[in-house]
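Subject: Structure handover

Hello,

Here is the structure we spoke about. My notes on what was found in it follow below.

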Amino acid sequence: MKIAVLGGGNGSFAAAGDFALSGHEVRLWRRDADQVAAHRAAGSRVLVKDHNGRHEVKLALVTTDMAAAVAGTELILCPAPAFAQADIARRLAPHLRDGQVIFLPPATFGSMIFAQAARDAGNHAKASFAETGTLPWLTRKHGPFEVAITISAKRLPVGVFPFDRAPHALEVIGRAFPDAIEACGDALSGALMNAGPIIHPPLIVMNAGPIEHFERWDIHKEGTQAAIRRVTDALDAERIAVREALGYGAPHFPLAHHYAKEGEIWMYGRGSHDRLTDSGDWRERIVLTEHRYMREDLRLGLSLLVSVAGLAGVDTPLAKAFLSIGGALCGEDFARGGRTLQTLGLGDLSKTELQTLLRNGF
């Protein structure tokens with residue numbers, strides 16, 4: 001299959017390397033012209049390190065040319081942070097064609113940003129936009145063109161916009177992720193599977209002291225204590241209550257299953273938390289005011305959850321509290337702006353009108 005991967009971060013390199021290892025034709029697009037030139041000079045290769053060893057793979061194309069990257073592809077995967085989506089969506093919008101599937105893992109309802117960008121560009125191609133609950137790889141780059149994959153996802157709940165194109169979208173995504181894709185309804189259902197806004201805000205806010213004290217700190221090892229886990233479970237209960245109020249059924253993929261030794265298997269499978277902490281790759285320097293845990297998961301992710309909860313009639317005191325504290329840590333008012341139904345242009349829709357839009361598209 002021909003796949004375009006957009007972005008130059010951890011997830012994009014994991015995607016490009018893993019897809020190439022699986023025999024797909026992979027094209028990597030990124031904005032940084034200097035990095036693209038350096039990557040080409042290095043042979044357009046990616047070194048992948050996983051549980052099976054070290055593998056060097058060659059990509060079909062590394063480019064800054066979006067049209068060249070996506071032409072003729074079936075799947076376009078963009079694992080870039082949510083705050084980068086609007087710019088990438090505008091660049092991609094004119095080039096979409098019928099049948100293409102844009103997959104955002106995860107997206108904080110970014111599927112709507114990409115779909116709206118295509119509409120605003122006057123592109124009426126019958127493309128599909130999908131998002132899931134987590135990045136399909138626990139991964140970190142170890143060099144400019146080298147990536148370590150600790151774990152690959154076992155279960156990926158995927159929501160699709162518009163929902164009436166879901167069968168085609170899920171079939172295409174399923175060929176890239178065999179046996180991992182699970183339909184979870186429309187794009188908002190997929191957005192409300194996002195684990196990042198649940199796991200990361202408690203970990204960074206409740207560990208703010210050690211994060212700023214130590215040069216490097218592993219929020220998933222020393223930072224994941226019983227008191228913090230209790231708060232995480234309570235925050236996750238708010239997410240699940242919103243899903244239920246909107247009529248989305250189980251499984252809701254509660255984050256508690258990520259840590260459990262038995263019971264239902266979570267997105268990364270059994271034992272993933274221990275493997276993550278054992279790798280040492282998440283003992284890192286976190287600048288609280290700049291890191292994507294704050295800028296993406298807390299500011300954007302929780303503002304979306306609070307906004308959708310308002311439409312659903314569900315109270316979310318913890319999500320609102322973390323927004324307030326996160327804003328105070330950054331010297332900003334996170335309650336204003338962020339990613340809400342209003343900022344997405346959907347704020348005037350009733351619940352029924354929003355559900356109709358999600359099903360039928362524009």
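K141 lies over the face of F13, 4.1 Å from the ring centre. R119 does likewise with F362, at 4.4 Å from the ring centre. A charge counts as sitting over a ring if NZ of Lys or CZ of Arg is within 6 Å of the ring centre and within 35 degrees of the ring normal.

This is a predicted model, so local features need pLDDT of at least 70 and side-chain atom pairs count only at pLDDT 80 or more, while totals for chains, interfaces and linings use all residues. Residues are numbered from 1 along each chain as its sequence is written, and side-chain values use heavy atoms, with hydrogens and water left out.

The structure holds eight aromatic pairs (rings of Phe, Tyr and Trp, its six-membered ring, with centres within 6.5 Å; planes under 30 degrees apart are stacked, over 60 edge-to-face, the rest tilted). F19 and F177 are edge-to-face, because their ring centres are 5.5 Å apart and their planes meet at 70 degrees. These two are 158 residues apart in the chain. F19 is buried at 1% relative accessibility, and F177 is buried at 8% (buried is under 20% relative accessible area, exposed over 50%, partly exposed in between, with a 1.4 Å probe and protein chains only).

Zero disulfides were found in the whole structure (a disulfide is a pair of cysteine sulfur atoms within 2.5 Å).

Regards

Terms used:
Helices (H or I, at least four residues) and strands (E, at least two) are DSSP runs, numbered from the N terminus.
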